[in-house]
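Student: I would like to learn how to read an interface between two chains. Where do we start?

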Amino acid sequence: MKSEKELEEIFEKKLANNEFIEPKDWMPEKYRHHLIRQISQHAHSEVVGMLPEGNWITRAPSLRAKLVLLAKVQDEGGHGLYLYSAAETLGISRDEMIEALHAGKAKYSSIFNYPTLTWADIGAIGWLVDGAAIMNQVMLQRTSYGPYSRAMIRICKEESFHQRQGYEIMMRLALGTPEQKQMAQDALNRWWYPTLMMFGPPDDQSPNTADAVKWRIKRETNDQLRQKFVNQTVPQAEFIGLKVPDPNLKWNEAKKGYDFTPPDWNEFWRVIKGDGPCNKERLAARIKAHEEGKWVREAAAAYAQKHNKEMLVS
Amino acid sequence: MNFQEALFKYLLILGDTSLILGQRLSEWTAHGPFLEEDLALTNIALDTIGHAKTLLEYAAKVENKGRDEDALAYFRNGREYFNVKLVEQPNGNYADTMVRQVFMDAFRYHYFKALCNSKDETLSALAQKAVKEVSYHYRHSSWWIKRFGDGTEESHHKAQNAINNLWRFTGELFTPDESEKIMEEENIAPSLQSIEYLWKEDIQNLFKEATLSIPENTYMQLGGKQGIHTEHLDYILAEMQSLPRMYPDAKW
């Protein structure tokens, strides 16, 4: 039997050689915990994220828009499923993860604690929120943990499609009637800073970044990703005649990027701690669905026991 | 009612029925009893609204008055909607939704299967695609009916309540409107009588297996195909149509 020190050396060597860590490989407990926290948080974000977007399915303004949005929300749920499965390879069950979410112990992306108030918000979520998520996720395709990396490769393909669809909604609005254009600008105004927060706190205040970079779970820092997002998004807004709500936004030739106003970090911490505009509603909706589904799950289990059949997972 | 008017009305009966059922199903998205089931139901809503879109596109073409499928979906009021009353009934609990669904799935399965032989090529092409999708929907809803009926006492009770409440809306599926009679004579629509026979056989067998029973001597509620609905429909439309009605000049 190898000693813990030898096992750790093997682990470190794999990381250094850019090899994947697989479920059966030895890994430090801190690494396992970091991954469980991150992957389950990511899975919860997908599932909670279905709520603000689902909010507009019944009111989508054309049949085509309704179909596109339904398919999108379905994709998000599918991502939740792959990610829960990836986390389960680390020795935690989906039930335990869901319980932690409902008990308020596990987090999900704070962005979903903002309300979708108009149809333009559906465009803004696709364009900005999925755009920001892709920046994070492209990096995670090369993350060190094999199952997570493979889930992210699949997810990224669908997310870039969503981002284009979101931008298409914004473009139609921005080029539409004056009321539609105003709706689009208002959505950009409300979603811009919360989206910048999605990359996490500034590097000097990010408690988990150092470990994450060392273990190749993350490969770029929060601030690097945020800068990249701003550089990419500003020209997209300009192209459809929308204005990023930042009076200090200015191209900086020396750093080949934009200077921009950072988001209000007090708001960021407040929303994380539970006082965002929809934290209570989001969690309540998840708990309600779960509790009202209890008798349904029990019926399936009772039937399976009686008939000794497999549960259907469609 | 000339042929064109009858075909238009007939397509609205089919299209509206799919649209309102899909709209009801999509209310479940993100609120399902567990994640896999949430995805399955969303998928069924997608297929069903997809059928509605194709049917209303075709209806708009037949009408030939410059309206498109969105004008038909978003700018008609309740009295101009011709879906059967069953599909506008509220989602209720999951048994209410699944009983409504199994009634509709068994119907749509046999209906689309027969419609594959329609003389109308657009409808027969739609039916050939739809029958594959609906056979999956039907498997899914009948799977649940068995589990609810023969699962726990609570689930049995909920399923039986749902049947008792919704059975009165099933007769309308098989009661032809004038347009449907004309389409049947033209070999465009299948005979509702033959569908009723197949449907009853399926539902009886399924309920027997699920230890559920069919209520007797039920008075059948009709009217949806004439635009006389239950009070639920206008709320569905108010929600669904709100944006295009608020901004009638906008394109989305």
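Predicted model: local features only at pLDDT ≥ 70, side-chain atom pairs only at ≥ 80, totals over all residues.

Student: Which element gives the most to the side of chain B that touches chain A?

Tutor: Helix 2 of chain B, with 13 residues. Other elements giving two or more residues include helix 1 (3–26) and helix 6 (121–149) of chain B. By type, the residues on this side divide into 25 nonpolar, 13 polar and 15 charged.

Student: How is the size of an interface often given?

Tutor: Often as the accessible area lost when the parts come together. Here the area buried between chain B and chain A is about 4400 Å², and carbon and sulfur atoms give 70% of that. L35(B), E36(B) and W252(B) supply 16% of the area that chain B buries against chain A, more than any other three residues. As for residues, the contact takes 53 from chain B and 50 from chain A.

Student: Now a single residue. Why does Q38(A) count as buried?

Tutor: Because its relative accessibility is 16%, and buried means under 20%. Q38(A) lies in helix 2 (residues 29–54) of chain A. Leaving aside neighbours within four places in sequence, Q38(A) is in contact with L140(A), Y148(A) and I217(A).

Technical notes
Residues numbered from 1 in each chain as written. Chains lettered and ligands numbered in written order. Heavy atoms only, no water. Contact = heavy atoms within 4.5 Å. Buried area = accessible area lost by both parts, 1.4 Å probe. Helix = DSSP H or I, 4+ residues; strand = E, 2+ residues; numbered from the N terminus. Nonpolar A, V, L, I, M, F, W, Y, C, P; charged D, E, K, R; others polar. Buried < 20%, exposed > 50% of the residue type's maximum accessible area, 1.4 Å probe, protein only.
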